[in-house]
Amino acid sequence: MYQFSEELRKQYESMTTPLAYYQAVDEGLVALLVTDGLCAMMGLEREKLTEQLSRERIELFHPRDAAKTVAAMHAFLHKEGLYDQIYRTRYTQGDSYHFVHSCASWQTMSDGTELVCIIYLDMTRCMEESEQLSKNEKLFQDDMFYTDKLTGLPNLNYMIQFADERVHTIRRLGQTPMLIYTDVISMQYYNGQYGFDVGNKLLCLVAETLKSTFPDALVIRGADDHFIVIDAFDSEKQVDEKINAADQLIQQKAEGNTSGIKAGACIYQEHSTTVVAMDHARDAIKWLGNDLNRVCSFYTRTVEDHDWNQHYIIDSFDRALHEHWIKVYYQGISRTKTGKSTAYEALARWIDPIRGVLSPGEFIPVLEKYHLLHMLDLYMAEQVCKDMPMRRVRGLPVLPVTVNFAAQDFDYEDIPTRLEQIYNQYCPNLHPEKKYLIVEITEQDMARATDRFHEQIRRLKSLGFRVWLDDFGSGYSSLNAFSRFDVDLIKFDMDLLRNLDDHNGANRRIMNAMVQVARGLGIHTLAEGLETERQRAFLQEIGCELAQGYLYHKPEPLEETFVKAEAGNQLRPFETPDEREQLSRKWLDESEHSLAVIEQFGDHMPGGFYICKADESGELLYANRSLCQLYGCDSLADFKDFSGFNLRGLVHPDDQNVIFSTVRKRMEGYLQETDYLEYRIIRKDGQVRWVDEYNYFVHSELHKDVYYVFLSDTTEARQRIEAEKVLRAAAIEALTRVYASVWIIHDLESQRMEMFRTDEKRAYMEKALAAAGVDRYYDGLVFFSRMIVEEDRQPFLEGAKPENVAKNTQGRRIYSVPFRKILENGGFRYYRLEFIRLDLKSGENTIVAGIKDIDDEVRKERETQQSLEFRAAVIEALTKIYDSVWIVKDLVTQRFELFRVDNTLSHLMPAQEAAKLIRFTDALAFYSRLILPEDRQRFLEAVTPEAIDRNTKDGRFYSVPFRRVSENGIRHYRMEFTRMNLENGETNIVAGFRDVDMFVHSVQEGLPS
């Protein structure tokens, strides 16, 4: 039998790790050595335990575990498998069963003998605690990593980890799983109105309501104001009823006014995952749009087909333009009194060789969504201009044509310049003032357009193009539209004409009033949707000038018109250019009774409105009720007494020169028909307020030259904007102390941006961008990316795309994209582009992007990481040798860290006590209470900082032996010290409590003892 040396036996037997060494003899094992740790674990003396282990007492094993455990050991002894078993056993007869985990390994000794080393671990307490934890239903949900702090619901971490398991359980029960994705409507507005504390209460209410509505479901708090419900599916009707009930309950119980929730639902397909189901549910919720009559939408193949249609439209759009799949259809516009054609509207029709005819309702929303409408609209304008000379060549009169444009077009193109180029290229001899090409824009687009848009509209007018306002009366209208937008004609939305007699004929009165107001302002009118003679008679009665609809003309391509003309078919008569000009002028001249109409409706206008003479007198002819209230007057008579019913009485004395300078310029013919002014007024109570004024100049035979003026109080808005400017300036100043440069992205859709730079040496970047004509965010990134290390370029551009920035800055999160910038010497530095969202009170959704130099930080991190990796590797190696390792970072301050490798090692101090110990010597004093009294003073004198420092110089290895008192008697330990010099120049002292078993392994690996 193998014999251990006396020294080695003592070292092994003193180990606290519960293990035993065996030698294989005649298909069995003979115990050669057992450690103190194993004796303590089994509660037996060494001799008795050694004898018991050698006899393999099967009767001590649990009957159900004995056979498999013995079989596994026999296979191991024949080297036919590993031995790693968990079983139940008793240590002595009559003892209760313990859960034991044992692992065996072969170990070749120095003389070549093969021994079996088995390590034992008593898992009884661990198993009991695990069983107790398993009984707790909220085993994972109570963990903060898996729980939403606000609502107490499981969070997205929980969903990622366990949602698919819940789905599997539902399927195993023979049911069909579904996912519901909910969104709180207008949560941002609700927070702004009532504050974030009330907003948090609303989110908690939603959580409680969904839990009570779906009691058997897994309800999860998603990002921001989103919640996810995973439950068994019964029927769409039942789901719809539950969501509606939850929505009503939320609206009833919520503080203040909330629009409740909306939801998208998706049934899991056979092999579908939660991630896919959630994407589908989110797609379904989009189809609800702004429809507040529906709360829940189910994902269907139709939704998916629509997505495919969107992809097809986007993928095929360039080809459709190039190969002219998109055709121009012309619909005639006629004069109501004569019925003659006076103009056309150009309508886009997509004739696809694969999918047939795509309606504008299919492709225009997609192009608008992906900001491609400017390409379509300019294409249509070019085709119209190409067709005009062809009409003349084929013997047909040339009429003005309207082309639809969107407000977003003006953010991507310089529309006036592009239209002038197109018109001059194809129609240089048709009309010098370009009145044959008309730009048509919806009122909705006009209402939300930017200053850049309005500036381009003014340029269009100055170049001779005309501008028409489309869809007037479709839901966005106000009388202010007549003055705010410098347009030549308004087109009444077709629903006004179609529903003339609804609500006791309200549309009749509305259209009549609007026609008179427009005529008084010198604006032409057109009604869309004309289909019956009865409707035409009404338009003639109210004096609406033009009409468009199937009664007069259906849309058709130019080729079809040519075919009809050449076949001798009767075409609707056309106006000549002279006739068109005379009739238009005559219609406006018949407007003298419009002031009376305005007076009837003026008091119902939401803003201040007055009419005054356009001369030096500034005499007022009319003022509405809102204007009187704006000046703090109770009645018109009170207002007349206060203001003198004169312009000078309306304007702050310091600003009167501005107003009358405008009047004089108007009289001298320098100004256009519409003007915009800002100035101050003084109310009757002495308050000074700021107002915006839109005025419209009108010449009439009755009143001569007059102004129609619309006023709105902008004091609060101006104060907010000024406060935001101050805040913005302070924010930028603060940011530029941190960042090499700051970019302000005003709008991620239009990508308008400003650049602020703090380093004059890099000012060339801003100049280069300006020289290159780059004023959009992503174009600026592409330009900037030339200076980035090539491998980082694409990840940088991908990470900083507008959609990624929008997604990752929700909830004011800071989002960053790292990159390396190339230096002049060929090297590089580390930078990071950081983004954060500023939700301003003005409604502007601004992104601040800052470029931060993080080179020192990254390089220091890398050095630290390398040092930590080296340190971790050393500690990992040491913990294979020692029961525990203490790292003394500084012998002067005595800062130290305690590393633990086995939570069952009872000789180490409790973690809660160790956390209170800051100095190394304090920890040793604490630990010394466990040392045999005769050894304690000698131990403490040997481990003073001075002794350790002296004995570990020049890489020497220093050890201090001691004996420790335990429940089972006295055991021998050794505390060993050595120096560890790190790459960053720091020197640590490593102190380890010697583990004999690990020490033997280290000897086999050739490490010094």
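This is a predicted model: local features need pLDDT of at least 70, side-chain atom pairs count only at pLDDT 80 or more; totals for chains, interfaces and linings use all residues.
Colleague: Why is leucine 378 called buried?

Modeller: Buried means under 20% relative accessible area, exposed means over 50%, and partly exposed lies in between (1.4 Å probe, protein chains only). Leucine 378 has a relative accessible area of 5%, so it is buried. Buried residues make up 48% of the 1009 residues in the chain.

Colleague: Where is leucine 378, and what is it in contact with?

Modeller: Leucine 378 is in helix 13. Contact means heavy atoms within 4.5 Å. Leaving aside neighbours within four places in sequence, the contacts of leucine 378 are Phe405, Glu413, Ile415, Arg418, Leu419 and Ile422. Between the C-alpha atoms of leucine 378 and valine 403 the distance is 8.9 Å, with 25 residues separating them in sequence.

Colleague: What makes a set of residues a nonpolar core?

Modeller: The members are buried Ala, Val, Leu, Ile, Met, Phe, Trp, Tyr and Cys residues joined through side-chain atoms within 4.5 Å. The largest such core here has 84 residues, and Ile326, Phe405, Leu419, Met511 and Leu539 have the most contacts inside it. Helix 13 (residues 373-393) gives the most to this core, with 9 residues. Apart from it lies another core of 28 residues, among them Leu153, Leu202, Ala207 and Val295.

Colleague: Which residues does leucine 419 touch beyond four places in sequence?

Modeller: Leucine 419 is in contact with Leu378, Ala381, Phe405, Leu437, Val439, Leu460 and Phe465, leaving aside its neighbours within four places.

Colleague: What makes the link between lysine 461 and aspartate 488 a polar contact?

Modeller: A polar contact is a pair of N or O atoms within 3.5 Å; within protein, one must be able to donate a hydrogen and the other to accept it, and residues adjacent in sequence count only if both atoms are side-chain atoms. The two side chains are joined by such a contact at 2.6 Å. Lysine 461 belongs to helix 17 (residues 451-463).

Colleague: Why is the pair of phenylalanine 796 and phenylalanine 819 classed as it is?

Modeller: Rings of Phe, Tyr and Trp (its six-membered ring) pair if their centres lie within 6.5 Å; planes under 30 degrees apart count as stacked, over 60 as edge-to-face and the rest as tilted. The whole structure holds 29 aromatic pairs. In this one the centres are 4.9 Å apart and the planes are at 65 degrees, so the pair is edge-to-face. Phenylalanine 796 is in helix 32 (residues 790-799) and phenylalanine 819 in strand 28 (residues 815-822), so the pair ties together parts 23 residues apart in sequence. Both phenylalanine 796 and phenylalanine 819 are buried.

Colleague: And why is the class for phenylalanine 962 and tyrosine 973 what it is?

Modeller: Their ring centres are 5.8 Å apart and their planes at 15 degrees, so the pair is stacked. Phenylalanine 962 lies in strand 33 (residues 958-966) and tyrosine 973 in strand 34 (residues 969-981), 11 residues apart. Phenylalanine 962 is buried at 3% relative accessible area, and tyrosine 973 is buried at 6%.

Colleague: How do you know that arginine 394 lies over the ring of phenylalanine 562?

Modeller: A charge sits over a ring if NZ of Lys or CZ of Arg is within 6 Å of the ring centre and within 35 degrees of the ring normal. Arginine 394 lies over the face of phenylalanine 562 at 4.2 Å from the ring centre. The charged end of arginine 349 likewise sits over the ring of tyrosine 329, 5.8 Å from its centre.

Methods. Residues are numbered from 1 along each chain as its sequence is written. Side-chain values use heavy atoms; hydrogens and water are left out. Helices (H or I, at least four residues) and strands (E, at least two) are DSSP runs, numbered from the N terminus.
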